[in-house]
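Have a look at the sequence and the model first.

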Amino acid sequence: MENDTLNMDILQLEGLKVSPESSIPAFILLLLIYIFIMVSNIGLVILIFMESSLHEPMYLLFCNMSINDAFGATTIIPSVLSHIFTSTTQRYIHYYECVIQAFCAHFHAAIAHTVLMIMAFDRYMAICNPLRYATIMTNKMVVALSVSAWGVPFFLVAILVSLSVRLSRCRRAVFNPFCDNASLFKLSCENVLINHIYGLGAAMAIMGCSLASVMLTYLRIAMVCLTSKNKALNSKALQTCATHLAVYIILLLSGNIIIILHRFPNLSDHGKVASVLLHVVPPSMNTIIYGLQIKAVREKIVIVFTGKK
């Protein structure tokens, strides 16, 4: 009986399907992307904290995104890399490791939306209420927004994963490149209706609030820019808002591609690759977009690498 329990705790993970001849290129590519994600995101956070001229709410709030991107990439990529050269029949993961990975994967995805929501609020205050911006967007407000952006997803995802952990298990196979909540409740033979309802409800709530807040915020910003004759204000608003919207669109596309591919069983392998890309593409693109598009950040990066002021 003890051996049976032990065996049920060791799950067989499908991992990323790559042919033997593609395993080395895939490993090198993923490794280079992971190194780039970590160096660029952590480097940008260090740059913002070290440069007093970048101690503004917009950049401090952006640190949440960089930290989350590094966290999300670390949750998935090292695990995928460790299994690339292993036979699909020899890829194993402990159940508790699977639970932690599932929690972290959903936590990362949820934070990506909530961070963009608080960044949209910051841009709204800066452009639509510039006279009150300094009094509202204080350090205390930045901390409160950051805590809420991490705290709400933590609470929602903790419930999501807890509903799956409570179930008894009758299977050991995880048909996914990494563990997520669906992988956990699919290990059970019990009724998982509550898991589907809560999971769909939580996802719709986060995405719905995210989409609504960003759309309403930028509609309001667009109205202010159209009625304003201040060309400098309009130019700055266009630059920062276009950057933020580009990041948001990349996040939506990455997430929706997975949802669409899941609806076509014959494209299941493509959907599994897309699920990995959700934790690879946005984290690798965000720092490029912000680093190159925001003048203040771009100038500081140039100074760091060239030494010219």
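Which hand does the link of C170 and C189 have about the S-S bond? That link is right-handed, with 90° about the S-S bond. C170 sits in the loop between α6 (139–165) and β3, while C189 sits in the loop between α7 and α8, so the pair ties together parts that are 19 residues apart in sequence.

A quick word on the ground rules. This is a predicted model, where local features need pLDDT of at least 70 and side-chain atom pairs count only at pLDDT 80 or more, while totals for chains, interfaces and linings use all residues. Residues are numbered from 1 along each chain as its sequence is written, and side-chain values use heavy atoms, with hydrogens and water left out.

**The disulfides**

The structure has 2 disulfides (a disulfide being a pair of cysteine sulfur atoms within 2.5 Å). Here they are in a table:

| Pair | S to S distance | Angle about the S-S bond | Hand |
|---|---|---|---|
| C98 and C179 | 2.0 Å | -110° | left-handed |
| C170 and C189 | 1.7 Å | 90° | right-handed |

The C98 and C179 disulfide links distant parts of the chain, 81 residues apart: C98 is in helix α4 (residues 95–128), and C179 is in the loop between β3 (173–174) and α7 (181–185). Helices and strands here are DSSP runs (H or I, at least four residues, for helices; E, at least two, for strands), numbered from the N terminus. Count the bonded cysteines of the protein chain in sequence order, and the pairing reads 1-3, 2-4.

**Buried or out in the open**

Buried means under 20% relative accessible area, exposed means over 50%, and partly exposed is in between (1.4 Å probe, protein chains only). Both C98 and C179 are buried. C170 counts as partly exposed because its relative accessibility is 36%, and C189 counts as exposed because its value is 53%. Two other cysteines are worth a glance: C63 is buried at 3% relative accessibility, and C104 is buried with a relative accessible area of 15%.

**A stop at I194**

Moving on to helix α8 (residues 193–227), you'll find I194 there. At 41% relative accessibility, I194 counts as partly exposed. Which residues does I194 contact, leaving aside its neighbours within four places in sequence? They are L163 and R166, with contact meaning heavy atoms within 4.5 Å. I194 and L163 are 31 residues apart along the chain, and their C-alpha atoms are separated by 8.0 Å.
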